[in-house]
Amino acid sequence: MNETQQFALRASGIKRTFQLPKERLFGPRRVLRAVDGVDLHVAPGKTLGIVGESGCGKSTLGRVLIGLDQADAGTIEWNGAPAGAHTGTVQAVFQDPSSALNPRLSIADSIAEALPALRAAEREARVEELMALVDLDPQLMHRFPHELSGGQQQRVCIARAVASDPALILLDEAVSSLDASLQMQVIQLLRSLQERTGAAFIFISHDLRAVRGVSDWIAVMYLGQIVELAPAEEFDDQLQHPYSVALRSAEPSLPSDEFRPERIILEGDPPSAVAEQQGCSFASRCPVAQPRCREQTPELVATDSGRAVRCHFPGTLQLTRRAPEGVSAP
Ligand SMILES: Nc1ncnc2c1ncn2[C@@H]1O[C@H](COP(=O)(O)OP(=O)(O)OP(=O)(O)O)[C@@H](O)[C@H]1O
Ligand code: SF4
Ligand SMILES: [Mg+2]
């Protein structure tokens, strides 16, 4: 991407902390660093997937990027202008469609709510168009949310999100509550919607397979920071960061998978995002940590292969092929 290209989203130096209650009345103030210095950009019509374990800061980052929450530091641009300059530029779809939809509004009214500027006749036509765009049967128009399946409800939420023709859509665990076959259907729908609308997506999930299925770029987050960033089609080749390798090894295999890696179990819990950390934040769980890792904090560094990695010893931890069922390792 060249420097003059206009991004749907460009963010740099994003930090978001939360003040936690004191543990003791006269104890020290406690500050949790939920997002700890994130730089990223997304080109129009492209998807950045963000993956990482629970609590690593994905949703906080997503909310900040679309202006639902305020960063403590950093800058955010939407379509080349400071975030917030144009309302309607960004939209979001979250995990639970039933709580996102007003139970008292019909499907048509729910979608029409996202089109306040149109006159009644135009609005009706646009609602029909949007329902067709997300593959919803027009006969569902006058039904209520509780009469739809979870997958259909999520399609309504997606129709509402694309109604204003946004430049950027945040999808935070948007397919996580759906079963595997519905997930794939919604992922395909998102891909075709992106081709037709040219919107950029930020797709957040703890599920690497879902992220791989929809993304152009994949960012792996650990404790509020991006630790590896790679083009999705090359993501699995030569994973560099030990945490990405462990995440890949934990991905449930399908019968069709040619390569099934041996699971790498990470010992211990992530360190607290409250304590001041010296060195690499993954050092306490990293199977290949060296003394230097506890002394020097690694930066996110671009490699020759076009990925960026935050590790002093990238590529040291490798995946190994899992022994076939019934064959025990020597
Ligand atoms: N309003 C808040 N007040 C205090 N702490 C918060 C608040 N919101 C989030 N956090 C903390 O910030 C950290 C990041 O939370 P976040 O919800 O962004 O994680 P996540 O990666 O989206 O997790 P999950 O996969 O479970 O959705 C967590 O430690 C969480 O407890
Ligand atoms: S810097 Fe060291 S501890 Fe951190 S991920 Fe790399 S090898 Fe592991
Ligand atoms: Mg979340």
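Which residue of β12 stands opposite E228? The residue is V309. Helices (H or I, at least four residues) and strands (E, at least two) are DSSP runs, numbered from the N terminus.

This is a predicted model, in which local features need pLDDT of at least 70 and side-chain atom pairs count only at pLDDT 80 or more, whereas totals for chains, interfaces and linings use all residues. Residues are numbered from 1 along each chain as its sequence is written, chains are lettered from A and ligands numbered from 1 in the order in which they are written, and side-chain values use heavy atoms, with hydrogens and water left out.

E228 and V309 belong to a pairing in which strand β10 (residues 225-231) and strand β12 (residues 308-309) run antiparallel, joined by 2 bridges. Two strands pair if DSSP finds at least two bridges between them. The open sheet that holds them has 8 strands, ordered β6-β7-β8-β3-β9-β10-β12-β11, with mixed pairing. At its edges stand β6 (90-93) and β11 (301-302); each has a single partner strand, so one side of each lacks a neighbour in the sheet. Helix α1 packs on this sheet, touching β3 (47-51), β7 (168-172), β8 (200-205) and β9 (217-222). Contact here means heavy atoms within 4.5 Å. The direction of α1 makes about 160° with that of β8; axes are lines fitted to C-alpha atoms, for helices over the stretch in contact, and angles run from 0 to 180 degrees between N-to-C directions. Helix α8 (residues 242-249) also packs on the sheet, where it touches β3, β9 and β10.

A further open sheet has 4 strands in the order β2-β1-β4-β5, paired antiparallel. Its edge strands, β2 (30-42) and β5 (81-82), each pair on one side only. Strand β1 (residues 9-20) is joined to β2 by 10 bridges, and R10 stands opposite H41 in β2. Helix α1 (residues 58-65) packs on this sheet too, touching β1, β2 and β4 (73-78).

The ligand comes next. The residues around ligand 1 (those with a heavy atom within 4 Å of it) include F18, L32, E53, G57, K58, S59 and T60. The largest share of this shell, 3 residues, comes from α1. Polar contacts are pairs of N or O atoms within 3.5 Å. An oxygen atom of ligand 1 lies 2.5 Å from a side-chain N or O atom of T60, and for S59 the corresponding distance is 2.8 Å. A polar backbone atom of G57 is 3.1 Å from an oxygen atom of the ligand. Taken alone, ligand 1 exposes 640 Å², of which the protein buries 59%; accessible areas come from the Shrake-Rupley method with a 1.4 Å probe.

Definitions and conventions:
Polar contact = N/O pair within 3.5 Å; in protein donor to acceptor, adjacent residues only side chain to side chain.
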